[in-house]
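I opened this one to look up a few things about rings, helices and strands. Notes are below, in the order I checked them.

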Amino acid sequence: MHPFVKDRGSSRLVPGATRVGRRHFAHNRSMIRWIALVKGAGLVFCVLALAGCPSSTYVSPTEKYTFRAREPVDNDVEIFRRNYLSFAAKTADSLPKIAGKKPVAISLVGTYQIGLALLSGAESQSFGAVTSLLASDQADEFSLNQGFSDWLGRLRSSDAIRVRSSMWMIWPMKLEEPFVKDMAEHNDVDIIRLGSVGLTAERAVDTWMKRATGDPAAVHPKPLSKRVMSLGVAVTALSINPEPARATFFQLGNVTGAEIPINAPGLKLFAWPAQGATAQSMLNGLPDTSKSGEKFTIPSLILPAKFDLESLIERHGAASLFEGQNDFRNMSVEITGDYKLGPIWQHMNLQVPGEKSTTSTWFVLWDSEEELPLVLAYVP
């Protein structure tokens, strides 16, 4: 953990003091009040896909506030890219252990997006936990937010992929409007206070999810417990059409790879047999596909739409988020104390048709213009 992270959480009297100057510079935020009013709820996360909005009962902040990409300064982009690729590599190390006997895929960009919102809202021990989740070497979230928002601004122009997250407050928490506005305007994250767990609240979340995923049958994982505050999360949706039968096979050193046509401008999908490819070899940059390689069997990647990310978060050293005593006071002055995260769900519609294979295989979906991985999948 970065040494400054400890400094950030060491003062209970002036939380967040290490970031105040930079926050004002980047976001022109007003000072956030630090008086805790109520204790004793939990947090539940669910990860969805595609952009959307809830029912008219609860207005989505991303409807209220127009997205504006942040403007990186100095070496913000370089810092963000290094940290994002570190997070991707850490995720790749975890996937074979999480997969077991079933394929698993992680929306790197979506999980990172919601992680940044959590990092921005966290203090003390929670900041340290989210720092571990994101494999960050930074003392604060400033450069990470700057670089990510800049990239997100370009991703938003794609017709094939949209990235957004949402947090749903079930407990009647008072949200800090400057934080809600900042996350909506610059990170495309909806933070919405439902204030109840009745049918109206459930329908609002279901409506958001249906629009987000484009799936009329999509529903929020239930039940929404009366003891929790639900920080719901939405991640990634893809509109691509993989065609493994038309794959181009290439040789990169000792590794044989395949580029799979997906008919999506600006995106590329690659596959590698796991025996010959390390995570680092896949995530360091787009491969040179000019040298012809031998053909191998590309397996099917058939995934459930919903996937619980709790095991990934625990493997990234952030299990304390599920154990209580969390501090997200930048998001709400009330979220300090015995609060827990519940299940964190990802909803993603990436499917790759293929053949039956006994070879473990990696899949990586790339933003070819920015040369950053969007989705990482492993088929055992």
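**Ground rules.** I am working from a predicted model, where local features need pLDDT of at least 70, side-chain atom pairs count only at pLDDT 80 or more, and totals for chains, interfaces and linings use all residues. Residues are numbered from 1 along each chain as its sequence is written, and side-chain values use heavy atoms, with hydrogens and water left out.

**Aromatics.** I looked up the ring pairs and got 14 of them; rings of Phe, Tyr and Trp (its six-membered ring) pair if their centres lie within 6.5 Å, with planes under 30 degrees apart called stacked, over 60 edge-to-face and the rest tilted. I picked out Phe-80 and Trp-151: their ring centres are 6.0 Å apart and the planes sit at 45°, so this pair is tilted. Phe-80 belongs to helix H4 (residues 76–99) and Trp-151 to helix H7 (residues 142–155), so the pair ties together parts 71 residues apart in sequence. Helices here are DSSP runs of H or I with at least four residues, strands are runs of E with at least two, and both are numbered from the N terminus. Phe-80 and Trp-151 are both buried, meaning under 20% relative accessible area, with exposed being over 50% and partly exposed in between (1.4 Å probe, protein chains only). I also noted that these two share one aromatic cluster with Tyr-84, Phe-87, Tyr-112 and Phe-148.

**Helix H5.** I checked the span of H5 (residues 108–121): its 14 residues reach 20 Å from first C-alpha to last, close to the 20 Å expected, which is 1.5 Å times one less than the number of residues. I found 14 of its 14 residues buried, so H5 is largely enclosed by the rest of the structure.

Is helix H8 mostly covered or mostly open? I get mostly covered, with 8 of the 11 residues in H8 (residues 177–187) buried. Among them are Phe-179, Asp-182, Glu-185 and His-186. Just after H8, I see Asp-188 with a positive phi of about 60°. Strand E6 (residues 189–193) has 4 of its 5 residues buried. E6 runs parallel to strand E5 (residues 165–169), joined by 5 bridges; two strands pair if DSSP finds at least two bridges between them. I spotted Ser-165 opposite Val-189 in E6.

**Phe-328.** I traced Phe-328 to the loop between strand E14 (326–327) and strand E15 (336–337). Phe-328 has 0% relative accessibility, so I log it as buried.
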